[in-house]
Amino acid sequence: MSEPTTPLAQRRGHEFTAILGLGDHRPERIVPNSEIVEAIDSSDEWIKERSGIASRRLAGPDETIVTMSASASRAALENAGITPEQVDLVIVASVTHPWQTPAAAPMVADALGATNAAAYDLGAACAGFCYALAVADDAIRAGSATHALVIGAEKFSDFRDPHDRTTAFIFGDGAAAAVVGPADSPGISASVLGADGTGAMQIAQTRDWTRVRHDWEQIAASGEVPADLSPFPSIGMEGPSVFRWAVTKMAPVVQQILDTAGVTADDLAVFVPHQANVRIIDAMVKRAHLPEHVVVARDDIVDMANTSAASVPLALTRLVREGRAKSGDLALLMGFGAGLAWAGQVVRVP
Ligand code: UT7
């Protein structure tokens, strides 16, 4: 390549970043296992024993990905002492925003009055928040943003088949947000990001949108609606395969995250794994040989169920609120799920 004659302008960012504030939105409606077991021929005991889940929050009609994200973000901004005008990047991680386009993030920015922000959605399912945190960290260090809102939000009740025995009990609704900005010392480590598309269909929408259109064209032509056809695709999962993948392939990633962050398990105060199943959390803690003093997030799976992209920030926000994660503590965050995709990093608790 010949030498450039006209230099292109480049930005220089901040050396270090940190989470400056956290906020969450937990829908008011609590749905215990007893309300959903009949449709899946299950029991409260079975669900608790196999997953740890006792109840979940399900959003109301006025609680959308956008409104829940905005609500969590307002709390995070207040917690960080940052105004909406200071935010120049909004990333919404979600797999349940019901609009293919427009993305949720520009609408969230608008709702907040974040008029100076770039805004886009990121789709990495249960790894979405940790992926988005890595992207925001990179953007601030590269100079393309200064204050980012990183949001995980899900409304699974819109994509839930109440008769699916594997998923009807497992997913819940909610949102949480982190404000990420410049810091005097490293508050977010280098991240581990990974994906294995060979397992892509293990957690997937039951039909893609072109198939939905095809099905309705068939119905229009024949005038007959197949009895087993749902009008809307739900999110399905090969539960046992995903479970095996999580305990065998994801547990070693905890050590990879520690190594990448340049810390040891002894340095950690908090471990916030994706809240997928309490048995997966326990297996990870055991395999990673985490010392006794490490506080492990395992309450959100019990009363929020699996909230995919929202699960890690919801669990972290709760530990901070309850005083179990203290300012300055090192917390290992880790998300994994559909894609298959995974991500994690060590952060300093704000
Ligand atoms: O967030 C993304 C990542 N997601 C995850 O990591 C979730 C991973 N998967 C799981 O957490 C578990 O696979 C589930 C909690 C979804 C299911 O637990 P499992 O221990 O894997 O159950 P299974 O599907 O292997 O079923 C065990 C038994 C079967 O009966 P038999 O064949 O042993 O007689 C099922 O028919 O339980 C039966 N079963 C149920 N029974 C009552 C399956 N679903 C249900 C149900 N209620 N809902």
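**Close-up 1. Lys48, a partly exposed residue in a helix.** Lys48 counts as partly exposed because its relative accessible area is 38%; the label covers everything between buried (under 20% relative accessible area) and exposed (over 50%), worked out with a 1.4 Å probe on protein chains only. You'll find Lys48 in helix α1. Helices here are DSSP runs of H or I with at least four residues, strands are E runs of at least two, and both are numbered from the N terminus. Leaving out residues up to four places away in sequence, Lys48 touches Asn33, Ile53 and Ala54, where a contact means heavy atoms within 4.5 Å. Now look for Val278: 230 residues separate Lys48 and Val278 along the chain, yet their C-alpha atoms are 9.1 Å apart.

A quick note on what you're looking at: this is a predicted model, where local features need pLDDT of at least 70 and side-chain atom pairs count only at pLDDT 80 or more, while totals for chains, interfaces and linings use all residues. Residues are numbered from 1 along each chain as its sequence is written, and side-chain values use heavy atoms, with hydrogens and water left out.

**Close-up 2. Where domain 1 and domain 2 meet.** The domain assignment gives domain 1 (16-183) and domain 2 (192-201 + 234-348), with bounds that come from an automatic or database assignment. Domain 1 puts 46 residues into the contact and domain 2 puts in 44 residues. The C-alpha centres of the two domains lie 16 Å apart. How much area is buried between domain 1 and domain 2? About 3,400 Å², with carbon and sulfur atoms giving 64% of it; that is the accessible area (1.4 Å probe) the two parts lose on being put together, summed over both.

**Close-up 3. A salt bridge between Asp24 and Arg321.** Here the side chains of Asp24 and Arg321 pair up at 2.5 Å, N to O. A salt bridge needs a side-chain nitrogen of Lys or Arg within 4 Å of a carboxyl oxygen of Asp or Glu. Between domain 1 and domain 2, the count is 2 salt bridges.

**Close-up 4. Ser189, tucked into a loop.** Ser189 sits in the loop between β7 and β8 (192-195). Is Ser189 buried or exposed? With a relative accessibility of 13%, Ser189 counts as buried. Setting aside neighbours within four places in sequence, its contacts are Asp137, Ala261, Gln345 and Val346.

**Close-up 5. Two cis peptide bonds.** One of these bonds runs from Thr101 to Pro102, with omega near 5°. Pro102 belongs to the loop between β4 (89-93) and α3 (104-112). Gly339 and Leu340 are also joined by a cis bond, with omega about -15°, and Leu340 is in the loop between β13 (330-337) and β14 (341-348). Why stop to look? Because most peptide bonds are trans.

**Close-up 6. Asp41 and Ala125, with positive phi.** Neither residue is a glycine, but phi is about 45° for Asp41 and about 50° for Ala125. Most residues other than glycine have a negative phi. Asp41 is in the loop between β2 (30-32) and α1, while Ala125 is in the loop between β5 (118-122) and α4. Asp41 is exposed, at 62% relative accessible area, whereas Ala125 is buried, at 7% relative accessibility.
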